[in-house]
Amino acid sequence: MFYRLLIYIPIIVLLVLIQSTTVRIFPNIHYQPDLITIAIVYLAHKEGKVAGQSTGFFSGILEDVLGLGPFGFHTLVRTVMGYTIGFTTNWRVTDSPLVALVLVVLGIVIQYFLYLLIGTVFSYPGIVISTFSLQSVWGALLTILFTPICFSFLSLLPFKRSSDKNMLERLKN
Amino acid sequence: MKEARYNTSNSTLIMRIWEHLVFAILLIISLILLLFVGDRRSAFSGGHLAIYQRVISSFSNIVTDKLDSARKLRHLSAEHEALLQSIEAHEIIRADPTSNWNQLQTLRQVVDFQDELEFASIVAEVIGRDPNQLYNSFIINKGSDNALAIDMVVVAIQQGKIGLVGKVHRVSKRSAIVQTILDQQSFIATKIENSQLNGITRGISSSLASSTEQIISMHFIDARDTDNVGFGSRIVTSGFSSVYYPEIPVGTVTQLRENNYEHILQVNIEPIINFNTLQYVFVLIPRSF
């Protein structure tokens with residue numbers, strides 16, 4: 001697991017940097033897909049809770065460093081999101097595109113719920129307002145739209161396939 | 001057989017404990033960061049990441065330029081025709097000394113603008129954006145090594161017009177984060193140019209604007225002054241704050257909304273600067289600095 005984390009973390013670092021630099025590909029639209037959420041959801045689902053929460057933690061720290069929000073905010077949100085999505089790692093039907101969309105929607109819902117919760121508890125009204133904004137809705141839609149492409153791309157990487165893992169577990173038992 | 005099963009269940013149990021333990025540790029670290037670092041984080045300013053961002057930004061620019069060039073090619077023939085037609089007109093303008101005079105005046109205004117404000121400026125390149133959509137900020141390639149400091153005012157020139165971009169929010173050695181005027185947490189003391197109507201301007205782009213609009217809004221103008229606020233009126237900084245200097249152009253009025261129960265106006269403003277295409281900015285440095 002540790003050695004695989006050494007693969008995931010550079011991928012996540014690269015994604016955060018891409019996310020923060022490639023907005024100009026859409027010069028007239030200031031909304032962007034959340035590639036980091038897609039990657040965390042993919043890793044958490046394919047590899048389990050530890051991979052999900054670890055990559056979530058690292059991506060969150062990077063987002064906090066590069067962004068304007070309170071330090072620790074994205075770290076907390078991404079860690080919890082990665083951990084929660086990690087519970088789906090034992091789902092039997094895993095490679096369908098529909099499941100990918102469901103998982104990413106679930107990830108977005110968890111993320112926005114945590115935005116509201118933390119924004120309310122720690123008194124960050126800007127975060128609460130932004131969560132209910134058009135920008136969030138468009139951002140979420142773009143993220144869902146990009147999910148099949150990103151999942152296809154990530155599936156090229158040498159991750160453990162959860163369907164194979166389920167098969168192994170069944171054989172063991 | 002039994003022993004093998006016992007070993008399997010044991011390792012599963014250890015794995016489960018490990019998962020929850022890692023989660024607990026990461027959760028505690030996150031909460032500590034949020035509680036004790038939060039907004040006070042001068043030590044975590046990401047200076048070293050600026051190098052990587054610069055590399056990816058350059059690569060992204062190349063890709064964008066390639067995509068742009070394909071799009072531009074489609075319009076090229078039409079533009080070519082239009083240009084041929086306008087050559088005659090340009091010849092006339094060239095011969096006309098008043099046109100050159102107007103251009104000179106515009107340039108003089110730019111120079112006068114800087115002289116009036118008594119600032120030197122540092123040119124910086126935008127190398128990255130806020131990776132998340134909750135805030136509106138970007139990263140520039142100049143930092144404390146270039147004498148940048150927190151709360152320095154950032155402006156830009158687009159199509160010959162100077163406009164307010166925002167302020168430096170955080171500085172590291174080689175990079176700085178600029179909070180734009182579109183950010184909801186950005187509050188600027190502004191006024192309608194050539195009038196005494198003052199207000200507070202803040203970003204609303206993330207909550208109300210459409211996908212292509214970038215709008216900010218000015219608040220706290222008395223509803224009785226509606227007649228004095230015209231569409232297209234220019235909004236400038238009033239100087240009633242310690243951060244933004246007076247008379248920096250912010251934008252133009254596009255919409256008026258009357259808030260009946262408070263008897264105040266909400267003035268929607270289109271910023272002078274298009275933040276989507278922003279590449280270079282000027283950080284204003286007071287000469288006494």
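B:Arg129 lies opposite B:Phe138, a residue of strand S2 of chain B. In this predicted model, S2(B) covers residues 137–140 and runs antiparallel to strand S1 of chain B, residues 119–129, with three bridges joining the two. S2(B) also pairs with strand S5 of chain B, residues 176–180, again in the antiparallel sense, here over four bridges. In that pairing B:Ile140 faces B:Ala176 of S5(B).

In a regular strand, side chains alternate between the two faces of the sheet. Both faces of S2(B) are covered: B:Ser137 and B:Ile139 are buried on one side, and B:Phe138 and B:Ile140 are buried on the other.

## The largest nonpolar core

B:Ile140 is also among the residues with the most contacts inside the largest nonpolar core, which has 92 residues. The others listed with B:Ile140 are A:Ala39, B:Val154, B:Val155, B:Val165 and B:Val281. Helix H2 of chain A, residues 35–47, gives the most to this core, with nine residues. In soluble globular proteins, nonpolar side chains tend to be buried together.

Leaving aside residues up to four places away in sequence, A:Ala39 touches A:Ile11, A:Ile12, A:Leu15 and A:Leu154.

## Helix H2 of chain A

H2(A) is largely enclosed by the rest of the structure, because 13 of its 13 residues are buried. From its first C-alpha to its last, H2(A) reaches 18 Å, close to the 18 Å expected at 1.5 Å a residue. After the helix comes A:Gly48, which has a positive phi, near 105°.

## An exposed position in chain B

B:Ala70 belongs to helix H2 of chain B, which spans residues 49–95. B:Ala70 has 9 other C-beta atoms within 10 Å and is therefore exposed, the cut-off for that class being 12 or fewer. B:Ala70 and B:Val168 are 98 residues apart along the chain, and their C-alpha atoms are separated by 36 Å.

## Confidence in chain A

The pLDDT of chain A averages 81, and 82% of the residues score at least 70. Within chain A, confidence is highest in helix H4, residues 73–85, at a mean of 93. Confidence is lowest in helix H8 of chain A, residues 162–172, where the mean is 48. Where pLDDT is low, the predicted coordinates should not be read in detail.

Methods:
Residues are numbered from 1 along each chain as its sequence is written. Chains are lettered from A and ligands numbered from 1 in the order in which they are written. This is a predicted model: local features need pLDDT of at least 70, side-chain atom pairs count only at pLDDT 80 or more; totals for chains, interfaces and linings use all residues. A residue is buried if 20 or more other C-beta atoms lie within 10 Å of its own, exposed if 12 or fewer, and partly exposed in between; C-beta atoms are placed from the backbone. Two strands pair if DSSP finds at least two bridges between them. pLDDT is the predictor's confidence in each residue, from 0 to 100. A nonpolar core is a set of buried Ala, Val, Leu, Ile, Met, Phe, Trp, Tyr and Cys residues joined through C-beta atoms within 7 Å. Two residues are in contact if their C-beta atoms, placed from the backbone, lie within 7 Å. The expected span of a helix is 1.5 Å times one less than its number of residues.
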